[in-house]
Amino acid sequence: MTPGIELDEDGAGPSKRATVYADDDGESGSDFSPGTDRDAEGEEEDDEEEDEDEDMGSEEDAPKVAPSVSVAPSQRSTSVLETKAQKIRSLPKPSLSRTSKRQQYVLPTPSVHHRHRAVPLYTRTGRVERLETRPVLFNTPKITMSNNFTQNVKVADRVNKSWGYNVGPGPIWELVEDRGWYKEAAEKVPDMDSDANRRPKVYQNILGKAGWKVLSKSDAAAFLPTDVVTTEEGNLKPPPPVPCLLGPFDEQTEAKIEMFQSHKLCTFLYVDLRPGSRDKTAAEFFPESTAHLFNAGAPVWGLDWCPTHADDRPALQFKQYLAVAPFPSASHSPEIGIKVARPSYACIQIWSLGPSHHQTTGGNNYKELDRGEMKCEIVLCLESGPAHELKWCPLPSHDDVGPHSLLISYNLGLLSGVFEDGSWSIYVVPYPKDVAPTDDASQPAYIHLPEPLLRIELEETSCWTCDWANSEQIAIGTTNGIIAVYDLGPQLKEIDNDSALIMDILPTHYITVHQSAVRALAWIRAPPTTATGGPRTNGDPTVIASGGYDGMECMTDIREGHGSVMNRTRDVINAMAFSPFGGGPVTIDHENIVKAYSASPSMLGRGHTLLEPQGPVWSVNASDFHPQLAVGSADGCCTTTNSLRSTRRGGSVPFFIHKIYQLDYSRKKGMYRMLERFLPQVRPTFLPVLSRDTLWLLQETQDRPATKAKASKTKPIDDNNAAKEQERIKASSAGTGAWPREVGVHRVTWNSCNGLAASGLLASATASGLCRVDELWGRWIKGKVPYGGIEHIRWELDDDAMDIDGASDDSAGSS
């Protein structure tokens with residue numbers, strides 16, 4: 001069934017029917033093609049201002065979650081771009097139907113004035129969990145049930161608008177909710193909307209893979225990262241400690257971090273609660289920081305959080321596990337499509353973030369704020385070569401935990417990855433406490449796993465990237481442009497402890513999509529539809545978004561058997577993520593632009609720019625619990641931004657881009673420097689001219705030469721002080737355009753599998769081997785909760801329409 005085009009009541013939707021471009025040399029249909037109708041532009045700007053006023057006081061323009069309808073042709077004036085497009089054959093609806101060509105362009109004819117609106121891909125029934133109080137690490141969160149985002153039009157409208165008032169680096173804890181969908185979720189059972197039933201345990205029959213053994217540190221040395229130089233005997237040396245300057249800009253201290261060593265950027269913070277007292281213990285670097293820094297020993301390309309079941313988290317003391325995959329050395333450089341012969345020694349490290357059990361001595365007058373501690377629990381010694389990407393099974397696959405943290409079995413979960421031997425493999429990770437060394441608890445356990453549980457190899461190509469749709473279906477991108485889809489459920493459900501290595505598994509779909517290697521892909525995790533148009537929640541998703549070295553960004557419906565191009569750029573597509581809040585994939589465009597596209601029929605192929613990092617983007621990640629987007633780039637920056645911020649011109653809320661940290665490297669000194677406490681950036685298009693009244697909004701600007709040139713042509717600023725300050729900001733933000741490869745942020749990932757309380761945890765990995773975990777939360781602009789409180793936002797209270805800024809004094813926002 002071909003989806004139709006939905007039309008929001010405010011007119012958000014495609015401005016013209018989709019077109020097929022028959023010639024690549026013609027008009028590209030890019031969003032960056034200039035509009036020439038200046039009169040129409042002025043009219044559209046007026047319409048935007050009217051929409052701004054309507055949005056602030058009305059519920060009528062909310063995105064509809066309703067059956068799709070056809071759209072009548074627009075009656076507005078025709079631009080030069082549309083006049084050219086009318087000469088080309090048009091399709092009745094934007095769809096993924098087959099044509100005579102292998103790939104079809106589905107991007108509709110653009111409108112430079114189009115305003116993106118996040119549209120949900122399906123309507124979920126039932127309620128949803130939300131937090132009652134701000135969560136504290138390693139403590140039981142207070143959770144209550146609330147109205148679902150798609151409960152009705154009013155709730156969808158208020159929640160979407162309220163997310164736009166977040167100006168912090170992380171999510172607002174009052175609004176976080178689970179929008180992930182998995183077919184394994186229990187339905188028509190008591191408490192079906194709880195996290196325990198929406199993300200149930202899977203593969204309880206798998207106890208582990210026989211043949212693993214514990215190695216000594218000397219025996220495991222061959223699997224660990226090494227230095228690039230050798231000893232006089234020709235043996236590889238262990239990697240040296242990473243020297244890094246930490247702390248405030250003018251007061252940085254050098255810290256040498258050894259492999260497997262972690263470092264808290266803030267010690268435990270003790271606050272004296274006695275009246276009039278402000279005594280605190282001195283912190284090492286940043287008193288307010290919640291970040292943890294640790295060294296994996298070599299450049300890291302695989303990073304992912306391990307899911308744990310909601311019922312077992314208290315027994316685990318709410319400890320979080322993180323899989324980290326370093327390269328064998330800093331000089332290691334794999335070749336695309338070249339398989340290494342087995343055995344090829346490498347390792348995967350399992351780190352934990354748990355309570356530090358620090359004891360206070362201040363009695364009841366002191367309150368301890370435990371930031372936790374990072375520890376390397378297990379080092380998996382493998383023979384498949386280094387991992388290029390890691391993905392845990394998205395649903396909990398660990399064994400039951402007893403009431404006193406006594407594990408019945410030794411399975412922590414199923415960890416999959418793409419390895420340098422060209423395979424995609426699944427390994428069973430043992431539970432850390434069962435294999436912990438008895439002589440030195442500070443050292444990790446070295447576990448040798450000679451064979452995986454399941455291995456997929458293709459004779460004609462190599463596996464290069466992967467993504468789970470649920471606990472059974474996996475999509476694998478290969479180096480020859482093919483996407484292979486496998487159904488692993490029947491094989492994994494029949495495994496026992498004595499089963500042999502599974503290799504004889506065939507793909508259910510084998511589709512040629514790209515002309516070169518598939519670099520990144522992501523499932524559009526939305527259920528297929530029934531014959532009546534409703535969601536079939538017990539089915540598998542069918543659409544895959546992918547990007548390759550050919551510069552193509554495609555959406556592939558595996559039922560159709562071909563890829564549909566949604567964008568093309570002259571660059572390698574290094575990252576692709578699916579955002580349930582944005583309703584589509586998030587990927588990169590030319591000139592390092594991070595762009596969000598919509599997969600909804602009413603907005604199919606539409607995209608809008610979220611941020612423009614100063615360097616090439618290595619990684620993009622979106623969460624199932626909030627709309628904050630994390631980006632890692634080659635210039636050493638880890639940044640976040642709010643993907644649900646309104647894209648209209650102007651507005652009372654600035655479009656903030658938060659730089660969590662930036663890593664620098666001095667080639668002369670051989671030393672790193674980690675900078676943080678950056679003021680948020682503002683997209684320059686919102687403030688082309690600065691005055692004294694608006695200067696406080698713009699803390700930093702992007703160093704885009706085109707933007708600077710455009711800003712210089714605007715009318716002069718009367719206030720000389722404001723003009724000088726603007727020039728100072730521009731000069732301070734200038735970049736070189738080239739960075740050492742050692743500073744690149746290769747991977748960023750939100751914790752999207754351990755409940756609402758852990759949704760603010762962001763992990764990132766760099767080419768230096770240094771990895772970092774931050775706990776990030778957002779805040780309301782000016783500290784005011786829209787609509788007077790979360791109960792009114794969620795429509796838990798039956799009230800009349802309220803002013804969006806009508807927050808009361810006692811409804812304080814997130815700090």
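Predicted model: local features only at pLDDT ≥ 70, side-chain atom pairs only at ≥ 80, totals over all residues.
View 1. How many of the six residues of β34 are buried? Six of the six, so this strand (residues 637–642) is largely enclosed by the rest of the structure.

**View 2. The hairpin of β33 and β34.** Here strand β33 (residues 628–633) runs antiparallel to β34, and five bridges join the two. Have a look at Gly632, which sits opposite Cys638 in β34. Three residues lie between the strands of this hairpin, and Gly636 takes a positive phi near 85°.

**View 3. Another partner, β35.** β34 also pairs with strand β35 (residues 656–666), again in the antiparallel sense and over five bridges. Across this pairing, Thr639 faces Lys659 in β35.

**View 4. Stepping back to the whole protein.** The protein has nine helices and 40 strands, and 59% of its 815 residues are buried. Take the contacts between residues at least 6 apart in sequence: 69% of them join residues at least 24 apart.

**View 5. Where to be careful.** The average pLDDT of the protein is 78, and 71% of the residues score at least 70. Residues 277–283 have a pLDDT below 50, and this stretch makes 12 contacts in the model beyond near neighbours in sequence. Residues 404–408 are also below 50, with nine such contacts.

How values were computed
Residues numbered from 1 in each chain as written. Heavy atoms only, no water. Helix = DSSP H or I, 4+ residues; strand = E, 2+ residues; numbered from the N terminus. Buried < 20%, exposed > 50% of the residue type's maximum accessible area, 1.4 Å probe, protein only. Contact = heavy atoms within 4.5 Å. pLDDT = per-residue confidence, 0-100. Pairing = 2+ DSSP bridges.
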